[in-house]
Amino acid sequence: MLTMKDIIDDHNKKIREVSKEVSLPLNEEDRNLLLKMHEFLVNSQDPEISEKYDLRPAVGIAAIQLGIPKRMCAIHVLDYDKDGNITKSNDYALVNPKIISYTEKKSYLKDGEGCLSVNEEVQGYVPRYAKVTVKGYDILTDQEVKIVARGFLSICLQHELDHFEGTLFYDRINKDNPFAPIENAMIIE
């Protein structure tokens, strides 16, 4: 089981390394790693498990955050209704995902982004595309997938794919004015 001690932070130069494409079919070692990454996300969102193992809640993780420069990431994003009940679980364990299209319209999280590899809070708006289409191989379904994502899921996917290029979310924040309005952007609560 992965824990916080397995995750490197932004003081480690390796986090800025560009990740390499992974050969398919996946070897057993990479498949197990990706499944453990997904399991970490599910565990991190379970109040009992996350408290027991001191896990920070997360919706995404890239292999480079474990010091492994491979284009693999896992996503676990839950959708809720107005009463706080889970309506949908967006789960992916992706190999070589790429953005194949996006809208020009921007979006950002009202409260900013966070990252397992960034231990201090960095405030500011992180401009992202409001809608992206991502293509990659998903080992949870063992097939090539095309994900059309809007809103929060779109932001999560872009955040993880940035890790492949050695980019962290705070690199995208306006340094002179972190809360500068982003014209016509969709604000995600």
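Visitor: Is Tyr129 buried, exposed or partly exposed?
Guide: Tyr129 has a relative accessible area of 21%, so Tyr129 is partly exposed. Buried would mean under 20%. Bear in mind that this model is predicted.

Visitor: How do I read a pair of aromatic rings?
Guide: Use the distance of the centres and the angle of the planes. This structure holds four aromatic pairs. One of them joins Tyr102 and Tyr129. Their centres are 3.9 Å apart, with 20 degrees between the planes, and the pair is stacked.

Visitor: Which parts of the chain does that pair tie together?
Guide: Tyr102 lies in strand 3 and Tyr129 in strand 5 (residues 128-129), so the pair ties together parts 27 residues apart in sequence. Tyr102 is partly exposed, at 42% relative accessibility.

Visitor: What geometry do the rings of Tyr125 and Phe179 have?
Guide: The planes stand at 90 degrees and the centres 5.2 Å apart, so this pair is edge-to-face. Tyr125 is buried at 18%, whereas Phe179 is partly exposed at 40%. With Tyr108, they form one aromatic cluster.

Visitor: Which strands does strand 3 pair with?
Guide: Strand 3 (residues 86-102) runs antiparallel to strand 2 (residues 72-80), joined by nine bridges. His76 has Asp91 as its bridge partner there. Ile99 stands opposite Val134 in strand 6.

Methods. Residues numbered from 1 in each chain as written. Predicted model: local features only at pLDDT ≥ 70, side-chain atom pairs only at ≥ 80, totals over all residues. Heavy atoms only, no water. Pairing = 2+ DSSP bridges. Helix = DSSP H or I, 4+ residues; strand = E, 2+ residues; numbered from the N terminus. Phe/Tyr/Trp six-rings, centres within 6.5 Å; stacked < 30°, edge-to-face > 60°. Buried < 20%, exposed > 50% of the residue type's maximum accessible area, 1.4 Å probe, protein only.
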